[in-house]
Amino acid sequence: MTLDDLISLPQYSLPQAQKESALLAELIRLSDRHVERSAEYARLTKVLFSGRSQPKSLSELPYLPVGLFKEHLLSSVSQSDVFKILESSGTTGQRPSRIVLDRETAQLQTLALSRIMTSALGPNRLPMLLIDSADLIRDRRQFNARAAGLLGMSNFGRNHVYALDHDLEPILPEVKNFLSRFGHAPFLIFGFTFLVWSRFYKQLENAGLDLSNGILIHSGGWKKLQDQAVSAADFRAALGNAMGLKRIYNFYGMVEQVGSIFLEGDDGYLYPPNFADVIIRDPNTLEEVPQGQPGVIEVLSALPRSYPGHCLLTEDLGVVHAVDSSSCGRLGKAFSVVGRIPAAELRGCSDVIAAKVS
Amino acid sequence: MQLKVLLPEERSIELEELPDLVAASAAIEPFDESIVNVAIELSRRIFQDEEARKYPELLALAYWMRKTEIVRLAAQFRSLQLEDRVLVPRGLIFHLPPRNVDTIFVYSWLLAALTGNRSIIRLSPQRSGSTSILLRLLRETLATAVEPARTGTIIVSYGHEEEPTALLSAMCDARVIWGGDQTVEIIRRSPIGPSAREITFPDRYSLSVIKTDAYLGLSEKQRESLAHQFFNDAFWFDQMACSSPRLVVWCGTDSEARTASTDFFSRVAGRAEHQHYFLPPAVSMQKLVFTCSAIITSPVEECQRYKDLTVMKLTSLTGFSRNHPGGGLFFNARLDTLLDLASFISRKDQTLTWFGFAPAELHALVRRLNGRAIDRIVPIGRALQFHRFWDGYDLLQEFCRCVHVDSAPVGGISSVSEV
């Protein structure tokens, strides 16, 4: 099975064992390719994974910590083949990740994302309501991962309407107008989880909006909502009760592996597409943990050909709940993201006064 | 603005009240009985406190200030005073201890107090469990102490505000800044008075040297014990104390060094596991990123990863970077002889912990370095043991002014009237 097959076959249709063997062959080829083309990757795998013979399972493949892309620009293509360098939005004070894309990888990402989205949305572009401000993509100086996400997702809709103004306040007339034109048939809503909750739902929960034909796709992490003690279930229930939204899909993804996102199934678990997978590892030993046990999420994807980011250890914690046994008909691993690895500070002689002020 | 007073008793005060509070404390003669008794009593209370006994670094502190040690310190102080030289307290010492090595504020305060100084200590509003314990025990000890020791110490707590730091800096006779380069830089924005002096503890780096054949000559039991000592040096403060080793240099042949270091680090890893050393997952991840980064930028030949320990073997120490994430990561290198180390040492290097060398070899290294760096050379196992000699200072002396007394009459003139 080739990468093309993995992308073009119906998503979530492969039993885990079959998928793993196809993905393993593809990822070994990819590792070899990066060893040949990236001196840094070649050194890293030699020094860190030297004792390892030919990997026999996905968990034996060499992986890199995602934070490394904040410190080094790792590339497997020549300068002239660089099509775009993606940057993560990153929190203040932190260096962003920088990801080198060539045309081939960028095209694979677009294709892969569309395969995942059409599995949830169907083949036709739907009218699209974006829970964000149009200014975000107009202002090129502030063009960041959020803007890139909005643009990327825009491809899956038509008749786009932005629901928030410059100050992220809802523009109720625009929303009502959109609903009167398109609300009677399926339409797409996209936004970042926190904005959907705080700037859309919280402001308009009593506005009598009918979103019952809407399909909400949202992403961006739960951290801010967890701080407000809003769980995924609360989120679903609230939007369902106040606005009639029934089809809600969260997805997990990152700028370091654009295209291979993990979309929620109808059972609320996240599912890897055919060309990607997850492995949960113990944060200290880095060994794979048994199903049901939380650990650090490693994401694997056959898409990154221009940079050695095909096996990445993230800074998120997750759990695999089931394999090939979901209630929504999807094969492969069903997992959830528990949250970020909690920040920790070591003791030491350096005072934090300095760290905070500077 | 308001700030919190933590000692003598807990209360909030306005910034304007601070000068009066500080002025109210008394100065003491060096090693006055009242202050000596405070030290001994605090030591006793730490040893007896059930909570405090859970922290090895608190026990180390208590051991360091037990009676025998204080008596020895007093004798050392007396020997600093000669006929023409009297050591007197500087006056008010303003201590800015690091937030994260909990015991430092007590060491810093104690040496200042024993030499007769009044102290004002700034603690961060975020305090660890062991700092709170120390604070409680110190409060109890001082409450039962007699004058003049009783009122010589004040502890305040505030955040990143500049005003109290500026005020106290202008008032003090000496300022002690722990906490690294950035802290020193920031605190220095507040000037001290023209006659005040400053003692700074910037970022430092520490390393170990082991003579290969001496190590290979050890018995099983001795090797275990050395690994245990090394573990304590490195892991008590998650390898983040300035004096904790981060680089281990083996002196000997290549093949011997390989055998010895493999044996040694697997024992240290075993020790970490045995002691149930816990590394927060976030730090474990930072460590992995650091490891990868080091492999890209440094001549790392091998990387051995144990559960809580990462050991990276360097083929050369040329251009060695002192960056470090802490949490059990060691660079490992080999040289032919101890003197070969001299060319790789930089100003930042503080403590050299050693095993297997003769005193003459250690002295020869110090002479070769000739003041360029390295302020402490102590055996493996004593990296964290506080001493009046620290970072190139003799703190007993630093906290005092030296009054020159020439009591010999000039040219036969005598003011003492003969009867």
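Strand E13 (residues 329-335) of chain B is largely enclosed by the rest of the structure, because six of its seven residues are buried; a residue is termed buried if 20 or more other C-beta atoms lie within 10 Å of its own, exposed if 12 or fewer, and partly exposed in between, with C-beta atoms placed from the backbone. The model is predicted, so that local features need pLDDT of at least 70 and side-chain atom pairs count only at pLDDT 80 or more, whereas totals for chains, interfaces and linings use all residues. Residues are numbered from 1 along each chain as its sequence is written, and chains are lettered from A and ligands numbered from 1 in the order in which they are written. Helices (H or I, at least four residues) and strands (E, at least two) are DSSP runs, numbered from the N terminus.

E13(B) pairs in the parallel sense with strand E10 (residues 245-251) of chain B over five bridges, pairing being assigned if DSSP finds at least two bridges between two strands. In this pairing, B:Leu335 of E13(B) stands opposite B:Cys251. Strand E12 (residues 310-314) of chain B also pairs with E13(B) in the parallel sense, over four bridges, and B:Val311 stands opposite B:Phe330 in E13(B). Strands of a sheet pair through backbone hydrogen bonds, either parallel or antiparallel.

A further sheet of chain B is open and consists of seven strands in the order E2-E1-E6-E5-E4-E7-E8, with mixed pairing. Its edge strands, each pairing on one side only, are strand E2 (11-14) and strand E8 (197-200) of chain B. Neighbouring strands of this sheet are turned against each other by 25° on average, direction ignored; axes are lines fitted to C-alpha atoms, for helices over the stretch in contact, and angles run from 0 to 180 degrees between N-to-C directions. Strand E4 (residues 92-96) and strand E7 (residues 174-177) of chain B run parallel and are joined by four bridges, with B:Ile177 in E7(B) as the bridge partner of B:Leu96. Helix H5(B) lies across E4, strand E5 (118-123), strand E6 (153-157) and E7 of chain B, and runs at about 165° to E5(B).

The domain assignment of chain B gives domain 1 (2-201 + 392-403) and domain 2 (205-389); such bounds come from an automatic or database domain assignment. The centres of the two domains, taken over C-alpha atoms, are separated by 32 Å. Their contact takes 13 residues from domain 1 and nine residues from domain 2 of chain B, where two residues are in contact if their C-beta atoms, placed from the backbone, lie within 7 Å. On the side of domain 1 that touches domain 2, helix H3 (56-64), helix H5 (104-114) and helix H14 (395-398) of chain B each supply at least two residues. The largest share of that side, four residues, comes from H3(B).

Between the chains, the contact takes 32 residues from chain A and 37 residues from chain B. Helix H3 (39-48), strand E1 (64-65), helix H4 (68-71) and helix H12 (352-357) of chain A are the elements that give two or more residues to the side of chain A that touches chain B. The residues of that side divide into 18 nonpolar, seven polar and seven charged. The axes of H3(A) and helix H12 (residues 281-297) of chain B come within 9 Å and cross at roughly 115°. At this crossing, A:Glu40, A:Arg43, A:Leu44, A:Val47 and A:Leu48 in H3(A) meet B:Cys292, B:Ile295 and B:Ile296 in H12(B). The residues of this helix contact comprise six nonpolar, no polar and two charged.

Several loops carry backbone features of note. Most residues other than glycine have a negative phi, and most peptide bonds are trans. A cis peptide bond joins B:Leu7 and B:Pro8, with omega about 10°, and B:Pro8 lies in the loop between strand E1 (2-7) and E2 of chain B. Another cis peptide bond joins B:Glu147 and B:Pro148, with omega about 0°. B:Asp238, although not a glycine, has a positive phi of about 50° and is buried, with 23 other C-beta atoms within 10 Å.

Terms used
Nonpolar A, V, L, I, M, F, W, Y, C, P; charged D, E, K, R; others polar.
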